[in-house]
Amino acid sequence: MTYAVLDSPLGPLTLVATSSDELAGLYMEQHRHRPALETFGDRDDSVLPAVAEQLGEYFEHGRTTFDVSLHLAGTPFQQRVWTALQDIPYGEITTYGELGRTLGLVPGASRAVGLANGKNPVSIIVPCHRVVGSTGSLTGYGGGLERKQALLDHERGDVLF
């Protein structure tokens with residue numbers, strides 16, 4: 001694995017690439033659940049050029065979906081949640097409970113959905129920031145609630161990066 005560091009309006013983003021040039025991680029500074037930097041291999045800011053380009057377009061309001069190769073390592077349940085996250089349209093939000101219902105889970109599974117959501121290794125690209133609490137409140141975000149709010153505001157057109 002290798003990694004690149006990309007400047008963004010949210011601060012530096014660490015992009016982790018597999019040997020087959022798939023995106024395996026996208027982490028913000030002080031990101032909860034971020035593995036230690038030395039586990040990512042060598043730094044090479046030339047890896048994942050398509051990811052860097054698409055993130056730039058996203059922040060400039062030109063891109064609403066991403067088309068990059070992903071390597072999402074997680075449990076089968078986490079994989080289901082992360083796949084469902086990719087179906088939440090740009091600029092929209094859902095709740096953990098609604099996401100659980102979409103997945104056909106029993107009522108009350110919102111906590112399990114939230115835990116899987118929080119382990120998403122590829123934030124922004126897999127839009128875990130679009131999931132909020134049952135009252136619409138911002139709850140947990142690996143990159144920090146201020147970044148979650150900034151991403152939601154950005155997608156609503158309220159904040160121009």
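Biologist: How many salt bridges are there in this predicted model?

Modeller: The count comes to 5 salt bridges, and the model is a predicted one.

Biologist: What makes Glu 57 and Arg 63 a salt bridge?

Modeller: Their side chains meet at 2.8 Å, N to O. The cut-off is within 4 Å, so the pair counts as a salt bridge.

Biologist: And why is Glu 57 called partly exposed?

Modeller: Glu 57 has a relative accessible area of 26%. Buried means under 20% and exposed over 50%, so Glu 57 falls in between.

Biologist: Let's turn to Arg 147 and Glu 146. What makes this pair a salt bridge?

Modeller: The N to O value is 3.8 Å, and that is within 4 Å, so the pair counts.

Biologist: Which of the two is buried, and which is exposed?

Modeller: Arg 147, at 13%, is buried because its value is under 20%. Glu 146, at 54%, is exposed because its value is over 50%.

Biologist: How far apart along helix α5 are Arg 156 and Asp 153?

Modeller: They are 3 residues apart in α5 (residues 145–156), so about one helical turn separates them. Asp 153 is buried at 15%, while Arg 156 is partly exposed at 46%.

Biologist: Now for helix α4. Which of its residues are buried?

Modeller: Val 113, Ala 116 and Asn 117 are the buried residues of α4 (residues 110–118).

Biologist: How do you know that they line one face of the helix?

Modeller: Seen down the axis of α4, they fall within an arc of 100 degrees, so they line one face. On the other side, Arg 111 and Leu 115 are exposed.

Technical notes. Residues are numbered from 1 along each chain as its sequence is written. This is a predicted model: local features need pLDDT of at least 70, side-chain atom pairs count only at pLDDT 80 or more; totals for chains, interfaces and linings use all residues. Side-chain values use heavy atoms; hydrogens and water are left out. Buried means under 20% relative accessible area, exposed over 50%, partly exposed in between (1.4 Å probe, protein chains only). Helices (H or I, at least four residues) and strands (E, at least two) are DSSP runs, numbered from the N terminus. The arc is that of the directions from the helix axis to the C-beta atoms.
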